[in-house]
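Please look through the structure below before reading my comments, and keep it open beside you as you go.

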Amino acid sequence: RSDFKPHVGLLAGMISPEGSYDAGSELGVDIGFQPYIPFATGLEVAYSRAENRNEADDLNRTTVLAKASYNFGGDIVILKDSYIGLGLGGAFTSDTSRWVSSPILGFDITVRELPQENQKVSLGAMAKYAIYEGSDVDTFSLNGLVKYWF
């Protein structure tokens, strides 16, 4: 059980959509666990918003991603806390829904070990490039994460 490393976390950061949109914000929740070392699975639900520089509608999306990742581990300082992964899911606006895929790169560094066995708090960052179905605007996002591991 201690190797499962389940977690729940909050993410917040910025998005940079293609085209005539200004950079915007993204907020979300990230949950997951590690069923088999060094692989992890999870679910991310995030809301992003970006304003359009033209008269067209602003970009407001809710994205749900099922994620799979590979955790590097080892002894090398930066690399041991890093992961690479892929997210697949859907993006929802007020009038449409689209498929989305997203390569992911990130890290989580433990900032506090809690007195309970295997519980800790980590800070990290995650970069992803969301590729949306059809002609929807693709986005790059960079988020900070706070995770509670139990």
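Predicted model: local features only at pLDDT ≥ 70, side-chain atom pairs only at ≥ 80, totals over all residues.

1. Residues are numbered from 1 along each chain as its sequence is written, and side-chain values use heavy atoms, with hydrogens and water left out.

2. Begin with the strands, which are DSSP runs of E of at least two residues, numbered from the N terminus. Strand E3 (residues 39-50) and strand E4 (residues 59-71) run antiparallel and are joined by twelve bridges; two strands count as paired if DSSP finds at least two bridges between them. Within this pairing, Phe39 stands opposite Tyr70 in E4.

3. E4 also pairs with strand E5 (residues 82-92), again in the antiparallel sense, over ten bridges. Here Thr62 is the residue that stands opposite Phe92 in E5. As background for reading such strands, in a regular strand the side chains alternate between the two faces of the sheet.

4. The largest pocket holds about 570 Å³ of space. A pocket is found on a 1 Å grid over the protein atoms alone, as an open set of points where a 1.4 Å probe fits, with protein on both sides within 12 Å along at least five of seven lines, and its lining residues have an atom within 4 Å of a point. The volume is the space filled by probe spheres set on the points, which are joined across faces, edges and corners. There are 34 lining residues, and Gln34, Asn71, Tyr83, Asp108 and Trp149 are the closest to the centre of this pocket.

5. Which strand gives the most to the lining of the largest pocket? E2 does, with five residues, although E3, E4, E5, E6 (97-113), E7 (120-132) and E8 (139-149), like E2 (24-36), each supply at least two residues. By type, the lining of the largest pocket divides into 14 nonpolar, twelve polar and eight charged residues, where Ala, Val, Leu, Ile, Met, Phe, Trp, Tyr, Cys and Pro count as nonpolar, Asp, Glu, Lys and Arg as charged, and the others, Gly among them, as polar.

6. The second largest pocket has a volume of about 260 Å³, and it is lined by 13 residues, of which Asp57, Asp58, Leu59, Thr93 and Asp95 lie nearest its centre. Its lining divides into three nonpolar, five polar and five charged residues.

7. Leaving aside residues up to four places away in sequence, Gly89 touches Val64, Leu65, Arg98, Trp99 and Val100, contact being heavy atoms within 4.5 Å.

8. Finally, the structure holds three aromatic pairs; rings of Phe, Tyr and Trp (its six-membered ring) pair if their centres lie within 6.5 Å, and planes under 30 degrees apart count as stacked, over 60 as edge-to-face and the rest as tilted. Tyr70 and Phe72 form an edge-to-face pair, 5.5 Å centre to centre with 80° between the planes, whereas the rings of Tyr148 and Phe150 are stacked because their planes lie at 25°, with centres 5.7 Å apart. Ring pairs also link Phe39, Tyr70 and Phe72 into a cluster.

Technical notes
Helix = DSSP H or I, 4+ residues; strand = E, 2+ residues; numbered from the N terminus.
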